[in-house]
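I opened my notebook to get to know a new structure, one look-up at a time.

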Amino acid sequence: KRYFLIKRVKKMYRIALIVETSLASGREIVAGVAKYLEQKSDWSVTHMLAPMGHIHPQQLNNWQGDGIIARITEPALLDLIDSKQLPTVDVLGNIAESPFPLVHNDQHAIGRSVAEHFTQSAHVHFGYIGLRDEMWSKMREAGFKNALNQQRQAPSSFYLEPNNASQNSLTYDFGALKKWISQRPTPCGLMVCSDQFAPIVFEACHAVQKKIPEQISIVGVDNDPPFYKLCRPQLSSVEPYHAKVGFQAAKILDQQIRGISHDKKEYTIQQHSLHVRVSSDWLAIDD
């Protein structure tokens with residue numbers, strides 16, 4: 001008699017990861033997905049290069065797979081992903097009508113933490129610098145303002161608008177920013193929606209001779225080393241733990257692929273930490 005050993009070939013699930021890695025938030029999400037993969041041997045992950053969430057449609061059209069994790073930045077990307085009819089998890093939350101499960105940070109709590117830090121430092125004047133059309137920025141702003149409104153404080157906001165004279169979407173009206181900062185009563189606690197915009201804010205403060213932190217205390221979000229180290233003095237920043245977002249998103253996608261349904265549509269990572277550095281390490285009192 002002859003006996004043959006037949007080894008069953010394990011199915012490999014093909015996963016598309018559409019997350020930009022130019023910022024710490026994206027890199028941390030990718031790291032979180034990689035952490036989940038330590039306990040998996042049946043995932044094959046394709047990272048589609050997506051600067052700030054923009055990919056060429058042909059990249060996804062030509063790809064055949066089993067699931068997607070994406071920072072869905074705009075309706076066009078949502079429609080493109082939806083057309084694939086695959087299990088998908090969003091890790092941004094920028095599109096309110098998205099049909100996919102969402103994993104994100106508690107943006108309101110991040111804003112509240114910055115507000116509490118400033119009030120504990122005895123500030124009575126506040127400002128917020130953000131993006132008008134980005135949901136995560138609007139939620140951070142709402143958390144910041146709501147916490148201050150409860151103490152009968154009314155922070156002012158400045159929105160970074162793309163400069164129409166330039167094709168570079170990261171070029172902003174520096175003159176308008178300088179004017180707004182020069183009009184802030186001091187000492188002022190200023191929250192910047194993301195560390196990536198902190199260097200231009202610092203430059204504007206230096207240009208109008210506003211001292212940091214004596215006149216303008218500044219806190220950013222993401223705790224992104226290239227940006228907080230670039231600022232002089234070094235930038236205080238909130239660390240949202242984006243890696244936990246990536247890990248949870250991978251876990252949910254894995255369950256979806258295996259047929260486990262979820263009634264819950266939104267998963268919020270509550271944990272975050274505020275790293276206080278020189279830019280906001282100041283007690284704002286007159287005496």
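**Entry 1**

Which residue stands opposite glycine 189 in β8? I looked it up and found phenylalanine 126. A reminder to myself before going on: this is a predicted model.

I then checked the pairing behind that contact. Strand β6 (residues 125–130) runs parallel to β8, and five bridges join the two. β8 is also joined to β9 by four bridges, again in the parallel sense. Here I noted cysteine 188 opposite isoleucine 216 in β9.

Is β8 enclosed or open? Five of the five residues of β8 (residues 188–192) are buried, so I wrote the strand down as largely enclosed by the rest of the structure.

Next I followed the chain. β8, helix α7 (residues 198–207) and β9 form a β-α-β unit, and I recorded its hand as right-handed.

I stopped at valine 219, which sits in strand β9. Why does valine 219 count as buried? Its relative accessibility is 0%, and buried means under 20%, so valine 219 falls on the buried side of the cut-off. I also looked up its distance to leucine 190: the two C-alpha atoms are 6.5 Å apart, although 29 residues separate them along the chain.

On the way onward, I saw that β9 (residues 216–221) pairs with β10 (residues 236–239) in the parallel sense, over three bridges. Glycine 220 faces serine 237 of β10 across this pairing. The path from β9 to β10 goes through helix α8 (residues 225–230), and this β-α-β crossover is right-handed.

β10 has an antiparallel pairing too: three bridges tie it to strand β12 (residues 273–275). There I found glutamate 239 opposite serine 273 in β12.

**Entry 1: two helices**

I turned to helix α9 (residues 242–257). Its 16 residues reach 23 Å from the first C-alpha to the last, close to the expected 22 Å. I listed its buried residues: His242, Val245, Gly246, Ala249, Ala250, Ile252, Leu253, Asp254 and Ile257. A handy thing to remember while reading such a list is that an α-helix has 3.6 residues a turn, so residues three or four places apart point the same way. Just after α9, I noticed that glycine 259 has a positive phi of about 85 degrees.

Helix α5 (residues 135–149) has 15 residues and spans 20 Å between its end C-alpha atoms, close to the 21 Å expected. Among its buried residues I marked Trp136, Met139, Arg140, Glu141 and Phe144.

**Entry 2: a pocket**

Last, I looked at the second largest pocket. What is its volume? I noted about 190 Å³.

Which elements supply at least two residues each to its lining? β5 (102–105) and α5 do. Met135 and Met139 are on the list of lining residues, as are Leu102 and His104. Others in the lining include Asp90, Phe100, Lys265 and Glu266. Sorted by kind, the lining residues are six nonpolar, three polar and three charged.

Key:
Residues numbered from 1 in each chain as written. Predicted model: local features only at pLDDT ≥ 70, side-chain atom pairs only at ≥ 80, totals over all residues. Heavy atoms only, no water. Expected span 1.5 Å × (residues − 1). Buried < 20%, exposed > 50% of the residue type's maximum accessible area, 1.4 Å probe, protein only. 1 Å grid on protein atoms, 1.4 Å probe; cavity = no way out; pocket = protein on both sides within 12 Å on 5 of 7 lines; lining within 4 Å. Points joined across faces, edges and corners; volume = space filled by probe spheres on them. Nonpolar A, V, L, I, M, F, W, Y, C, P; charged D, E, K, R; others polar. Pairing = 2+ DSSP bridges. Right-handed = clockwise from strand over helix to strand, strands pointing away.
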